[in-house]
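Subject: Structure handover

Hello,

Please find the structure below, with the sequence alongside. My notes on what was found follow after it.

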Amino acid sequence: GVFLLPYCFFAVLCGLPLFLLESVIGQYTQEGAVTCWRKLCPLSEGTGYFILVIQLYSRMYTIVLAWALLYIIYCFRDPLPWATCSSPWNTETDRCVDLSSVNLTAGQSGNVTLNVTSGNLTTSSVTEFWERQVLSMSGGIEELGKVQWELLLCLLACWMSCYFCIWKGVRSTGKVVYFTAIFPYVMLVILLIRGLTLPGALQGVVYYLYPDVSRLADLQVWMDACSQVLFSYGVSAGTLITFGSYNKLNNNCCR
């Protein structure tokens with residue numbers, strides 16, 4: 001709960017001013033993230049290319065979408081592939097424990113005791129599904145490993161979806177946002193209702209929202225809040241400049 005204080009602080013101090021600044025730059029110059037600097041200060045044109053280099057690396061974030069898509073596909077299987085230790089990618093049964101062999105018992109104090117009935121526990125079925133099936137982790141950087149075709153197809157589908165969302169410019173993107181902005185909230189509401197109906201939901205909400213003022217003395221909390229604001233507002237990524245360039249020159253971007 002106390003995280004909201006540094007978050008709002010950086011939103012007002014950094015997020016909103018930078019958001020407005022980049023929108024104004026794009027609208028005033030009517031140029032993209034690279035060529036806009038030629039009109040402002042030709043010596044700073046390297047800033048635009050620097051943004052492009054950052055985007056080349058950050059677009060690797062699409063692999064996270066591929067993981068999510070792959071998990072959605074696996075969710076339609078019964079039983080779930082990460083719930084048991086009987087799949088081909090699992091290790092020996094005495095080293096892998098599945099969800100059905102784990103007993104969770106809650107005492108009157110709310111503490112949860114984990115009872116494992118499989119003896120020598122080294123890894124869980126969930127971890128093995130992630131590391132051995134999805135990622136197919138090799139023994140080290142010297143081992144290239146094999147191509148994960150399922151993951152590769154999911155990555156291709158994500159890139160194709162991204163392309164068709166923006167291929168006609170800002171007009172098609174605006175229509176796509178109607179879905180991409182609303183759908184997550186619908187899912188969050190569904191998950192919220194589901195979560196509130198689970199045992200111990202009230203204790204979890206109190207733990208999450210109850211402010212721990214002592215955490216304000218932790219510099220890492222402030223760093224996390226600042227990075228979250230900069231990430232969620234999309235500043236210094238060239239996107240706002242590009243979108244701002246589609247505005248008319250006399251558009252009231254402040255409003």
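A definition first, as the notes rely on it: a residue is called buried when its relative accessible area is under 20%, exposed when it is over 50%, and partly exposed in between. Gln30, with a relative accessible area of 36%, is therefore partly exposed. Please keep in mind throughout that this is a predicted model.

Overall layout

The chain holds 10 helices and 4 strands. Read from the N terminus, the order is α-α-α-α-β-β-β-β-α-α-α-α-α-α. The chain has 255 residues, and buried residues account for 24% of them. Of the contacts between residues at least 6 apart in sequence, 66% link residues at least 24 apart.

Helix packing

Helix α1 (residues 4-29) and helix α9 (residues 219-233) have axes that come within 9 Å and cross at roughly 35°. Their crossing is right-handed. On the α1 side the contact includes Pro6, Tyr7, Phe9 and Phe10, and on the α9 side it includes Val221, Trp222, Ala225 and Cys226. Sorted by class, the residues of this contact are 16 nonpolar and 3 polar, with no charged ones.

Helix α4 takes part in the other two pairs. With helix α6 (residues 149-166), the axes of α4 come within 8 Å and cross at roughly 115°. This crossing is right-handed. Among the residues that meet here are Thr62, Ile63, Leu65 and Trp67 of α4, and Glu150, Leu151, Cys154 and Cys158 of α6. The contact of α4 with α6 divides into 14 nonpolar residues, 1 polar and 1 charged.

With helix α5 (residues 125-134), helix α4 (residues 62-74) packs at an angle of about 115°, and the two axes are 13 Å apart. The angle therefore makes α4 roughly perpendicular to α5. Here too α4 passes its partner in a right-handed crossing. Trp67, Leu70, Tyr71 and Tyr74 of α4 make the contact with Phe129, Trp130, Gln133 and Val134 of α5. By class, that gives 7 nonpolar residues, 1 polar and no charged.

Cysteines

The cut-off used is that the two sulfur atoms lie within 2.5 Å. For Cys158, the closest cysteine sulfur is that of Cys154, and because the two sulfurs are 6.8 Å apart, they are too far from each other for a bond. Cys158 is buried, at a relative accessible area of 12%. Cys36 is also buried, with a relative accessible area of 0%.

A buried glutamate

Is Glu45 buried or exposed? Its relative accessibility is 17%, so Glu45 counts as buried. Glu45 sits in helix α3 (residues 45-58). Apart from neighbours within four places in sequence, its contacts are Val34, Trp37 and Arg38.

Backbone and loops

Most residues other than glycine have a negative phi, and most peptide bonds are trans. The following places depart from that pattern.

- Gln30 has a positive phi, near 55°, and is not a glycine. Gln30 belongs to the loop between α1 and α2 (36-40).
- Ser136 is likewise not a glycine, yet its phi is positive, at about 50°. Ser136 is located in the loop between α5 and α6.
- The peptide bond from Asp78 to Pro79 is cis, and its omega is near 5°. Pro79 lies in the loop between α4 and β1 (96-97).

One more loop residue belongs here. Val213 is in the loop between α8 (201-209) and α9. With a relative accessible area of 58%, Val213 is exposed. Along the chain, Val213 and Phe3 are 210 residues apart, while their C-alpha atoms are separated by 9.4 Å.

Regards

Terms used
Residues numbered from 1 in each chain as written. Predicted model: local features only at pLDDT ≥ 70, side-chain atom pairs only at ≥ 80, totals over all residues. Heavy atoms only, no water. Buried < 20%, exposed > 50% of the residue type's maximum accessible area, 1.4 Å probe, protein only. Axes fitted to C-alpha atoms, helices over the stretch in contact; angles between N-to-C directions. Parallel < 35°, antiparallel > 145°, perpendicular 65-115°, else oblique. Left-handed = near helix turned anticlockwise from the far one by under 90°. Contact = heavy atoms within 4.5 Å. Nonpolar A, V, L, I, M, F, W, Y, C, P; charged D, E, K, R; others polar.
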